[in-house]
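Visitor: I am new to this structure and would like a close look at one part of the backbone.

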Amino acid sequence: MVDSKKKPIILSDQVRTSLTHLEPLTQKVFLSLNPPSPLDNRADVDQVRHALERGYGSVNVPLVLMPRIPVICRSAEWQVTATLADTGQGWKLIDLESGNTTKEQFGLAIDIGTTTVVIYLVDLCDGSVLGHAADYNAQISLGEDILNRIRHAAEPGGLARLQKAVVDTLNRLIRLLFPLPKETGKITAVAIGANTTMIHLLLGLNPASICRDPYTPIVNNPGLIPAGEIGIDINPLAPVYCLPSIGSYLGGDVIGGILVSGMHKQSDVSLFVDIGTNGEIVMGNEDWLVACAGAAGPALEGGVTSFGMRAETGAVDRVSIDPETHKVKYTTVDNAPARGICGSGLVDTLAELFLNGIINRTARFQMGQDSFVVVPAIETASGEDIVITQVDITNFVATKAAVNAATDFLMENVGITYQEISHFYAAGAFGQYLPIESAVTIGLYPDLPRSAIVRLGNSSGEAARQVLLSRPRRLEAEAIAAKVTYFELNANPAFMEKFSGSKFLPHTDIDRYPSVKKRLQTRI
């Protein structure tokens, strides 16, 4: 078992949950059976089923397994291990093996992002993560963002190409974890966190209605689906559980974020934000949850700037500017020559430009400038200056404004003020890598006590691990989905008005950001 070279986003230790009692999607049971005799001439399948039903109640045996059961029982001298899948309404036999293999129980917790796919190999006996693998979602070649993929799905053969691309990505990563083809059959359960469109494309469902009024998906909770029906190269009867979605732009990855943050159990009001190719925002507490979502653009993945790039080797990831000389200090991923700027570097750069008066509160350059050199040509891999332009800043600030406007929209609809927000949960790369102070300075993060700002890391992947291992957590995730009130932002005039007025740094109302206001006054 090996890790891929691409490092996945991990879950923050601040919110890691230890499950004390495991009820995984699948369980193994060792059976010591009696060979048939004149005193017991039950059918082979019936004997296996009867032995299982003594501990598990009703057990379904699928037709595809029936021909194998006599062969396995006799070759193993009636000492066999059964694998049972929890269907929610009972149990289903999905495998029968020779001997006692109860110590070999494996499942996959998967986060399918629009950009990146991460797989965690989980020991179903104790819940530990045995390995991980990550890579870019191969669907990128067919469309960088969700809307382009939905358009591609509408082309002849487009939906099949998109499904094959993501399934090929999954199978490639599975082979990294289990290099021998026969070993992949030992994986007997899968749980997936993903946005609504990614789930539709994985299942081969037409996503066209997701982006059309009234924005209704084909399915929000697809239930358990055998892996073989999707094409995932593991035990073909292994159940695949997708965390439930709420709407077109609010998927199971967000339900997972709520689940692992615990905000749905707290009396105080919390704010959950995950900004990637899409942006999702949830606000609430133990009594209520409201949410909204929409396309945010790949701002934090370097997709809206001239020299933007993902956080790969050579990406500028940290920036500071000397207030006297305006000389730039920076670091790059792997300390390699600079090739471009990733999301964390861009957030740092904007914050430093703002604090040093190089751009003003409207995010415009001062004194006739239209760009700023972050890395001079002599220090770059390409031999040309790496710069931030006015167009780059304007594009990025649109993402920041969308976060502010959506938050304001939710607060107005539930009648609370920003002073009532006690915790801020930042998920995904948005939470894992962005520098907190710089994110607060430009208004991406709220100006709360820093201890109240919690980096969740890959909460979608961790939620997948938890529902893989725990039936109560699966039921809890579905209860969360039923509890959330979803506000549609598409073409909403109130949201658009707030969006237009939110393109100030750090916010239209600077009093919401007292620490930033103080720093600006100190530097004047």
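Visitor: Where is the place of proline 214?

Guide: Proline 214 sits in the loop between α5 (196–203) and β9 (224–226). Helices (H or I, at least four residues) and strands (E, at least two) are DSSP runs, numbered from the N terminus. The model is predicted: local features need pLDDT of at least 70 and side-chain atom pairs 80 or more, while totals for chains, interfaces and linings use all residues. Residues are numbered from 1 along each chain as its sequence is written, and side-chain values use heavy atoms, without hydrogens and water.

The peptide bond from aspartate 213 to proline 214 is cis, with omega near 10 degrees. Most peptide bonds are trans, and most residues other than glycine have a negative phi. Another cis bond links leucine 505 and proline 506, where omega is about -10 degrees. Proline 506 belongs to the loop between α14 (493–500) and α15 (514–523).

Phi is also worth a look. Glutamate 77, not a glycine, has a positive phi near 55 degrees. Glutamate 77 is in the loop between α2 (68–75) and β3 (79–86), and counts as exposed because its relative accessibility is 63%. Histidine 326 likewise is not a glycine and has a positive phi, about 65 degrees; its loop runs between β14 (315–321) and β15 (328–332). At 30% relative accessibility, histidine 326 counts as partly exposed. Exposed means over 50% relative accessible area, buried under 20%, and partly exposed in between (1.4 Å probe, protein chains only).
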